[in-house]
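Hi,

Here is the structure I promised to pass on. Please have a look at it first, and then read my notes below.

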Amino acid sequence: MTEDEKRMVMQFMGQTYGEVKKQDSMLVNQSGNLSPKSEEMKQAFTNMARTPTIPQQAPPQQPEPQVAPVPIQAPVDYEQAVKELAQTEQVVQQPMVSEQVQDPNQLTFDLKERSVMDELLEASKKTNLLLKDIKLLLEKENGRPAKKKVTSKKPG
């Protein structure tokens, strides 16, 4: 174990010892059945402090990989670049045409046909309009808006 590794382990163990000591003071002092664990942690900490360390050695140097020289390309003129771009655009446009072919397993929506949900919404709207009409007719017959009669509940 190197000095850095030992220092990090000792720091971690010290923090853990402090937490265990705090828990022991809160829990173990109030209970007769529990034994303090901070003494075990302190013993492990002192054992770690006594362990010898290996002096840190410089890592072995690895030979640098040789990079092949990048071939230098001649500059591209404007006309040549336009031709290359036109060719790549043609290549890109060709697959788009093939993507428009309809897959027989693909489900499609026929928006011209009414769905069941549309029919249910229409029926619900008609029902609400009919209920409003019935309410208006009842109010006209009675001459005033219909109110619920409150019956008094007397214990009796």
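**What I found**

D4 and R7 both sit in helix α1 (residues 3-27), three residues apart, which is about one turn of the helix. Before I go on, a word on the source: this is a predicted model, in which local features need pLDDT of at least 70 and side-chain atom pairs count only at pLDDT 80 or more, while totals for chains, interfaces and linings use all residues. Residues are numbered from 1 along each chain as its sequence is written, and side-chain values use heavy atoms, with hydrogens and water left out.

**The salt bridge**

D4 and R7 form a salt bridge, with their closest N and O atoms 2.9 Å apart. The term stands for a side-chain nitrogen of Lys or Arg within 4 Å of a carboxyl oxygen of Asp or Glu, and by this rule the count is one. An α-helix has 3.6 residues a turn, so residues three or four places apart point the same way.

Are the two partners buried or exposed? D4 is partly exposed, at a relative accessible area of 30%, and R7 counts as exposed, at 52%. Here buried means under 20% relative accessible area, exposed means over 50%, and partly exposed lies in between (1.4 Å probe, protein chains only).

**The chain as a whole**

The chain has four helices and zero strands, so that its elements run α-α-α-α from the N terminus on. Helices (H or I, at least four residues) and strands (E, at least two) are DSSP runs, numbered from the N terminus. Of the 156 residues in the chain, 6% are buried. The chain exposes about 15,800 Å², and carbon and sulfur atoms supply 58% of that area; the areas come from the Shrake-Rupley method with a 1.4 Å probe, and for residues only the protein chains shown count as cover. Among contacts between residues at least 6 apart in sequence, 62% join residues at least 24 apart, a contact being heavy atoms within 4.5 Å.

The 25 residues of α1 should span 36 Å at 1.5 Å a residue, and its end C-alpha atoms are 35 Å apart, which agrees. The expected span is 1.5 Å times one less than the number of residues. Which residues of α1 are buried? They are K6, M10, M13, V20 and D24, and they pack against α2 (38-50).

The buried residues of α2 are S38, M41 and M48. They cover an arc of only 80 degrees around the axis, which puts them on the same side of α2; the arc is that of the directions from the helix axis to the C-beta atoms. What covers them includes α1.

V9, in helix α1, is partly exposed at 29% relative accessible area, and its C-alpha atom is 8.4 Å from that of M48, 39 residues away along the chain. E19, also in α1, is partly exposed at 44%; E19 and S38 are 19 residues apart in sequence and 8.7 Å apart in space, C-alpha to C-alpha.

T53 lies in the loop between α2 and α3 (78-99) and is partly exposed, at 24% relative accessible area. What does T53 contact, leaving aside its neighbours within four places in sequence? The contacts are M1, T2, E3 and K6. The C-alpha atoms of T53 and K6 are 7.4 Å apart, although 47 residues separate them along the chain.

**Helix α4**

α4 has 27 residues and reaches 39 Å from its first C-alpha to its last, close to the 39 Å expected at 1.5 Å a residue. The number of buried residues in α4 is zero, so α4 lies largely in the open. L120 is found in this helix (residues 116-142) and counts as exposed, at 53% relative accessibility.

V116, M117, L120 and L121 form a nonpolar patch on the surface, with about 430 Å² of accessible area together. Patches are made of residues with over 30% relative accessible area and no salt bridge: like charges are joined within 9 Å, and nonpolar side chains (Val, Leu, Ile, Met, Phe, Trp, Tyr) within 5 Å. Just after α4, G143 takes a positive phi of about 85 degrees.

Best wishes
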